[in-house]
Amino acid sequence: MTEMNEVPVKLVVVMNGKVLETRRIFFMNPSFEAIREAGTRWSKGRRAAMQYVDDEGDHVTMDTEEEWGECMRLWRKGEKKSLKVCFVLPGIQYNQWGQPRCRSPPRGVSPAPQRRRYTPTKKSEASWALDNIRDMHADKVLQPSNAVVEKVLKKLHGEGTVDALTSGTESPKTLGCDGWLAVSTQPDGQLDIKANVRSLYNLLHKQGIQCLDKKEPDSVQWFKLCTDLDASSPQGWYNLACALALQL
């Protein structure tokens with residue numbers, strides 16, 4: 001006749017290193033199936049790995065009655081009052097945007113298309129200027145009275161640059177700024193200066209990044225011009241804050 005032994009078992013449900021449930025139950029000669037059934041009940045039917053810690057401190061997974069028997073033998077050999085069995089649930093996986101990733105979509109639902117990550121590409125100076133010329137008349141324009149255009153021209157080419165452009169003594173091509181600046185003749189014969197907003201912003205941002213990489217104080221002025229040109233752009237404000245922080 002088999003001897004009836006009462007075994008105190010502590011069932012612990014774990015996921016992502018956090019304890020979700022702890023139960024202490026007394027079993028009479030518990031079997032592997034009885035422990036697994038109890039753990040599955042407290043795991044709410046979710047698939048879990050049944051584990052225990054052996055005498056060497058290793059987490060051992062059990063799948064058979066023989067492995068459970070070894071677990072019982074080590075517990076009886078030790079001095080612990082209760083036998084601790086962990087049911088480890090599979091951890092939640094996260095995608096590149098920090099959102100929980102589903103293992104599989106619900107039945108009848110097609111998986112969502114994956115987003116394409118933006119990978120910046122390096123362009124040569126000639127290609128960068130050519131793209132800006134192609135978009136010259138596609139975006140908003142700034143009038144010559146705009147303070148940002150005047151500040152940029154003064155910073156790049158010195159005082160009197162605006163007067164030289166409007167008088168015709170200089171041209172965007174001779175100044176090397178035909179990638180973002182254009183001069184047109186009005187019906188009354190006066191010259192009108194127009195600047196491509198996107199191309200000008202790219203120029204300011206590029207100058208600021210170059211100064212920021214070299215830890216030059218001029219980076220603050222370039223990024224300040226970016227925010228003056230487009231106050232709604234979070235990129236300009238972020239870079240301005242970084243440049244100011246480096247000067248503290």
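Colleague: What makes the meeting of the side chains of E33 and R36 a salt bridge?

Modeller: A salt bridge needs a side-chain nitrogen of Lys or Arg within 4 Å of a carboxyl oxygen of Asp or Glu. For E33 and R36 the N to O distance is 2.7 Å, so the pair meets that definition. Please keep in mind that this is a predicted model: local features need pLDDT of at least 70 and side-chain atom pairs count only at pLDDT 80 or more, while totals for chains, interfaces and linings use all residues. Residues are numbered from 1 along each chain as its sequence is written, and side-chain values use heavy atoms, with hydrogens and water left out.

Colleague: How are E33 and R36 placed in helix 1?

Modeller: They sit 3 residues apart in helix 1 (residues 32-42), which means about one helical turn separates them. Helices here are DSSP runs of H or I with at least four residues, strands are runs of E with at least two, and both are numbered from the N terminus.

Colleague: Why are E33 and R36 called partly exposed?

Modeller: Buried means under 20% relative accessible area, exposed means over 50%, and partly exposed lies in between (1.4 Å probe, protein chains only). E33 has 43% and R36 has 36%, so each falls in the middle class.

Colleague: How many salt bridges are found in the whole structure?

Modeller: The search finds 5. One of them joins R73 and E70, with the closest N and O atoms 2.7 Å apart. R73 and E70 are also 3 residues apart, this time in helix 2 (residues 65-77), and again about one helical turn lies between them. R73, at 42%, and E70, at 33%, are partly exposed. Another salt bridge links E21 and R23 at 2.8 Å, N to O.

Colleague: How do you know that the structure holds 0 disulfides?

Modeller: A disulfide is a pair of cysteine sulfur atoms within 2.5 Å, and the structure has 0 of them. As for individual cysteines, C86 has 13% relative accessibility and therefore counts as buried. C211 is buried too, at 9%.

Colleague: Why is N196 called buried?

Modeller: Its relative accessibility is 0%, so N196 counts as buried. N196 lies in strand 8 (residues 191-196).

Colleague: Which backbone nitrogens does the side chain of N196 reach?

Modeller: The nitrogen of R198 is reached at 3.3 Å, and that of S199 at 2.6 Å.

Colleague: What makes a group of residues a nonpolar core?

Modeller: Its members are buried Ala, Val, Leu, Ile, Met, Phe, Trp, Tyr and Cys residues joined through side-chain atoms within 4.5 Å. In the largest one, which has 27 residues, W180, L181, L200 and L204 touch the most other members. Helix 7 gives the most to this core, with 7 residues.

Colleague: Which residues does L204 touch, leaving out those up to four places away in sequence?

Modeller: L204 touches V152, W222, L225, C226 and L229; contact means heavy atoms within 4.5 Å. Apart from this core lies another, of 18 residues, including F27, I35, W75 and L83.

Colleague: What does the secondary structure come to, and how much of the protein is buried?

Modeller: There are 9 helices and 8 strands, and 31% of the 248 residues count as buried.

Terms used
Polar contact = N/O pair within 3.5 Å; in protein donor to acceptor, adjacent residues only side chain to side chain.
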